Amino acid sequence: MRINKYIASCGVASRRKAEELILNKKVKVNGKVVEELSLQIDENKDMVEVNGVKISQDEKSVYILLNKPEGYITTVKDQFNRLSVVDLLSKVEERVFPVGRLDYETSGLLLLTNDGDLTYKLTHPKHEIEKTYIAKVRGKLTEREIKDFRSGLHIEDYTTAPAKLKILDYDNEKKISTLEIKIHEGKNRQVRKMCKAINHPVMRLKREALGELTLKDCKIGEYRHLTEKELNYLKNI
Ligand code: URA
């Protein structure tokens, strides 16, 4: 089995992250630092270590849906010592990692798992799952802006795929629009950049749904394990 696939199957990282670990010389096979991304290993015989810790395929897979509050980072820790979503999962013993990211200031649905294969599948550009966001943005959108948003916007060095946009509300006093946005892509700060591109900066952002998964039964700052039905749905995407 290819080394990055094996690391993912042990729940240590997604396949892509596993490649980063290899490039950063964090992976050893039988005591030797792996130099080649394409290395094949025998999962029954070879001893694989990541960051000095022996890994194996025995760990139980866990699937967690978190209602992330604003003010938490999605990675484990950063140099500013900000709170991390991991701080909200103190009862989860397995080492889980997020499927995609939410910004520090974004709240809402975040999936975390140690199933690297599922993460790989869900974040692969080929079948990036639809994500639903509720955005509070400054000002009122014109028909032209709505049309541009829906058909694709030029952002930095790329053009966004067609997106779904619904205007849910406009507060005339505060001059704030509430939008429902559905996108399949997951580029860095994409929703914020899209709204900025039409001159309506995001003031608050929340992810409401990931495909058919919703925040049902999960209050802000809390988490729950996925139901059998939800898991089957994700595995069959
Ligand atoms: N788009 C953003 O701009 N931020 C997020 O956190 C998620 C999607």
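Predicted model: local features only at pLDDT ≥ 70, side-chain atom pairs only at ≥ 80, totals over all residues.
Residue numbers run from 1 along each chain as its sequence is written, and side-chain values use heavy atoms, without hydrogens or water. Local features need pLDDT of at least 70 and side-chain atom pairs count only at pLDDT 80 or more, while totals for chains, interfaces and linings use all residues.

Start with the ligand. Select Leu 102, Asp 103, Thr 106, Tyr 133, Arg 189, Gln 190, Val 191, Arg 192 and Leu 205, which surround the ligand (a heavy atom within 4 Å counts as near). Now show the polar contacts (pairs of N or O atoms within 3.5 Å). A polar side-chain atom of Asp 103 is 2.7 Å from a ligand nitrogen. The side chain of Thr 106 places an N or O atom 2.9 Å from a ligand oxygen. Gln 190 uses a backbone N or O atom, 3.4 Å from an oxygen of the ligand.

Next, select Tyr 104 and Arg 82: the charged end of Arg 82 sits over the ring, 4.4 Å from its centre (the criterion is NZ of Lys or CZ of Arg within 6 Å of the ring centre and within 35 degrees of the ring normal). Then go to Tyr 158, where Lys 187 lies over the face at 4.4 Å from the ring centre.

Finish at the second largest pocket. Select Glu 212, Leu 213, Thr 214, Lys 216, Asp 217, Arg 224, Thr 227, Lys 229, Glu 230 and Tyr 233 to see its lining. By class, this lining has 2 nonpolar, 2 polar and 6 charged residues (Asp, Glu, Lys and Arg count as charged; Ala, Val, Leu, Ile, Met, Phe, Trp, Tyr, Cys and Pro as nonpolar; the others, Gly among them, as polar). A pocket here is an open set of points on a 1 Å grid over the protein atoms alone, where a 1.4 Å probe fits, with protein on both sides within 12 Å along at least five of seven lines; lining residues have an atom within 4 Å of a point.

Terms used. Polar contact = N/O pair within 3.5 Å; in protein donor to acceptor, adjacent residues only side chain to side chain.
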